[in-house]
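Open the model in your viewer and keep the selection tool at hand. The stops below say what to pick next and what to look for there.

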Amino acid sequence: MFVELGFKVMATGGTADTIKAAGVEVQKVLKIHEGRPHIGDIVAQGEVHIMIITPNNEDPRDKTDGLDLRRLSLARKTPLVTTIAGARATVMAIKALKENKISMMPLQSYFPELEMAKLI
């Protein structure tokens, strides 16, 4: 779905293989502990616009890489999602923003029966 919204997808190792097997175009990149250039370098260069990192606690090196990437995303102010459910919600939100005009309405429009003076 991210590809349909105009995003280029990058992933490491097995994740890239799984995405590719599903028929989605993906660029396979190295994990931090696998050498350079790695995903951390790509993030540091500002080439990543949103990160989806799901934890892998089985491999201590992956755990360390994940921690480093989360810190890097905070330092670079790159949006970060850490669950599949969060990734689904994020892609749905981005799609909605692209398809619909944002409008603002006062709170009173949602709760006309309430008097604002009573809420304050």
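Start where strand 3 and strand 4 (80–81) are among what covers the buried residues of helix 4. Keep in mind that this is a predicted model.

Now select helix 4, residues 84–99. Helix 4 has 16 residues. From its first C-alpha to its last it reaches 23 Å, close to the 22 Å expected at 1.5 Å a residue.

Which residues of helix 4 are buried? Pick Ala87, Thr90, Val91 and Ile94. They lie on the same side of helix 4, because they cover an arc of only 95° around the axis. In an α-helix, residues three or four places apart point the same way, because there are 3.6 residues a turn.

Turn to the other side of helix 4. Ala85, Arg88, Met92 and Glu99 are exposed there.

Next, go to the largest pocket. Its volume is about 1,400 Å³. Select Met10, Ala11, Thr15, Ile19 and Ile52: of the 42 lining residues, these lie nearest the centre of the pocket.

Which helix gives the most to the lining of the largest pocket? Select helix 3, which gives six residues.

Last, colour the lining of the largest pocket by class. There are 24 nonpolar, 10 polar and eight charged residues.

Terms used
Residues numbered from 1 in each chain as written. Predicted model: local features only at pLDDT ≥ 70, side-chain atom pairs only at ≥ 80, totals over all residues. Heavy atoms only, no water. 1 Å grid on protein atoms, 1.4 Å probe; cavity = no way out; pocket = protein on both sides within 12 Å on 5 of 7 lines; lining within 4 Å. Points joined across faces, edges and corners; volume = space filled by probe spheres on them. Helix = DSSP H or I, 4+ residues; strand = E, 2+ residues; numbered from the N terminus. Nonpolar A, V, L, I, M, F, W, Y, C, P; charged D, E, K, R; others polar. Expected span 1.5 Å × (residues − 1). Buried < 20%, exposed > 50% of the residue type's maximum accessible area, 1.4 Å probe, protein only. Arc of directions from axis to C-beta. Contact = heavy atoms within 4.5 Å.
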